[in-house]
Amino acid sequence: MTFLERTTDVRRFRHWPGHIEADYIYTSGIAGETFFRELRENGRILGARCPQCGTQWLPPKLFCETCFRETTDWVEAPATGQVEAVSVVHVDAKGKPLDSPEVWALIRFAGFKGGFVHRLLVDPRKARAGLRVHPIVKPRSERVGAITDIVGFGP
Amino acid sequence: MRKVAVVGAGMTLFRRRLQETGKELSFEAARMALDQAGIEINEVDAVIHGTAPDAFDGVHMKGEYLADGSGGARKRYMRVFTGGGTGVFSAIAGWWHVASGLADVALVVNEEKMSSCQPHPQSVFAYIWDPILDRPLKPNLVWIFAMEMNRYMTVHKIPYEDIARVAVKNKRNAVGHPCAQLADANITLDDVVNSEMMAWPVRRLDISPPSDGAAAVVLASEDVVRKRKMKEHAAWIKGVGWCIDSTMWTDRDLYFPEYVARAANMAYRQAKIDDPRKQIDFAEPYDPFDYKELHHLEGLGLADKGKAGLMTREGVTERDGDFPVCPSGGLMGVGNPIAATLGIKIGELYWQLTGQSGKRQIPNEVRTGVCQAWGDLMQFGSVMVMGT
Amino acid sequence: MTSRITKWPGVELGRKEIETGKVTSVRYRPDAKFAWSAGEAMSRFLAELQEGRMIARTCNGCERVLFPPRMFCEECFRPTDAWVYVRDTGTIETYSISYLDTDARRITEPILVGVVSVDGASPKMGVMHYFGEMTKDEVRIGMRVKAKWKPREERVGSVLDIEYFRPLREGEG
């Protein structure tokens, strides 16, 4: 059974335009605060270790996802990581073509569960999984305690 | 259907702004509930997460986002949302899992991080309104409460003081709650009556604050309670009920919450209660505004229509009164992190029934309690009856 | 047990700590734009408002006149049957005198807003709207009101084509 009346002239249909507007501030959280402070102050990347199962998490979490216990130890990530997967992007978030393609990658670090999705600073033609890369960090004066303090990862 | 008990509960502080991320808040409350219950995460069969609109935290698909913080990674997980009704409804969803036999142990975690929304969560509350009928008028959320409160007061000729007394009672009760945001031992009726007028008849002190917070409860089947010898800290779920009305709120007479009454009847029938005022010892109705406690007491059948105000006036609903209402301090005193009010509704019933409420413990013996939450555009009611 | 816990989790923050950068945070503004389909009922409703008229739908099942109009009756859960015009007069069912504007800012001259049940529709069928040409001491539940329409050329097909509802005058019934 459906409506007993139906408009067939599409010009008679109305739309009500509007937007949903809101501003947000996201705090880094307890674990995030330590991570971003260390990144800002010393340019170091820290992970967190679960005291129960020994899993090391990157980025660090307040709790171990498996044991559901508070992670208590901070561990510095190794100097280099490895690219697990890459994507070469040609359009921006709204679908507009980019002037030049960007390379994005998932980078993992030995001994740590997780990793970072970040810019891969290589020529797109050279972008591939398996590359050994290290984080390239902004100078101290430009660091604010955000993921963008890392410019990207380079070989 | 199997018998289900709450065997542990936890909650974080309720504050205007907490530093933890939503995941961390969920973890803190869930961890505490598990520790209190003596249950390990690998013994949890299902995780139910209750949280209000994604627009408050500002994370789309918030249920999925909060899953790991709620202990839900690689588990049976669902996120439920019924507006302000989520505080009780998520526990009902948890009950489904255990009563049906699908889970022996269920963890229910509710979280809210409203402080993310700038400048005030009010900004996104506005999007509840219908885009064509209501939003062009640029309504403020307080208006709709004011209109409901006005209708309630006018139909029953309730003096404002009777309503303001609820704010005084609850903010004073909240002094006994370690997580309370707005506890005030010294608040007087004059303070409320003279507080700033927001939208007549609602004044500033009639409203509960927006809050960040999380709460969690652990549900277990009768078998688990017996095998693990948890009887001492178990409170049984006797009846559940829920009901929603249409969003066409302008077509309804707002003086009585019909949908709360229907939800209550469903829960009472299951709990074999036919005289709620006599067979129930205390209540935690939803009180985002002081008049709502009275409105809901009537919807729950615990007071005759128009008469709930008398109960406050006569001291019946004080903690040491004949029928304590909101011994936790309610949303008015403890705070309103929407879904996380689980901690002061289900949580409070649990703690009162198992004698763990500390300074808030009701002096008379309590064996049966009812809690209720309410949500959406004056639409949704969820009710749970618990007992020993 | 719980009553013996002394430290409850949660780290409180004040607004200043975020604003001064004492704790790290990220700001973001989503930019979501929408064009909501008015659908069958609302399209006609808005078109009639532009003509200075209010329209409703009837349901033969429960014999109600539904306003605002909808293509299905939510009680009977069946399609509604016919269009019918309703009056632009009604009764105030409830109201508020707001000292907060739409952005929750304080104002000294209050906005009067409320729900009007419309004549010709079933009892209690109403809309929310502003009230005008009355003071905050005059507004009351039960007052008979009439829509004040914007001039024809200013009407676009919106609930704002009505400026506000004002007291019904002698002889207007």
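Ten of the 14 residues of helix α7 in chain B are buried, so this helix is largely enclosed by the rest of the structure. Keep in mind that we're looking at a predicted model.

Let's stay with α7(B) for a moment. The helix runs over residues 160-173 and reaches 20 Å from its first C-alpha to its last, close to the 20 Å expected at 1.5 Å a residue. Which of its residues are buried? They are B:Ile163, B:Ala164, B:Arg165, B:Val166, B:Ala167, B:Val168, B:Lys169, B:Asn170, B:Lys171 and B:Asn173. Here "buried" takes 20 or more other C-beta atoms within 10 Å of a residue's own. As for what they pack against, the partners in chain B are α8 (189-193), α12 (290-299), α13 (308-313) and α14 (330-334).

Now over to where chains A and C meet. Here 29 residues of chain A are in contact with 26 residues of chain C. On the chain A side, the elements giving two or more residues are β1 (15-21), β2 (23-27) and α1 (29-42). The largest share, six residues, comes from β1(A). Sorted by class, the side of chain A that touches chain C looks like this:

| Class | Residues on the chain A side |
|---|---|
| Nonpolar | 14 residues |
| Polar | eight residues |

Which residue of β2(C) is the bridge partner of A:His15? That's C:Ser37.

Notes:
Residues numbered from 1 in each chain as written. Chains lettered and ligands numbered in written order. Predicted model: local features only at pLDDT ≥ 70, side-chain atom pairs only at ≥ 80, totals over all residues. Helix = DSSP H or I, 4+ residues; strand = E, 2+ residues; numbered from the N terminus. Expected span 1.5 Å × (residues − 1). Buried ≥ 20, exposed ≤ 12 C-beta atoms within 10 Å, placed from the backbone. Contact = placed C-beta atoms within 7 Å. Nonpolar A, V, L, I, M, F, W, Y, C, P; charged D, E, K, R; others polar. Pairing = 2+ DSSP bridges.
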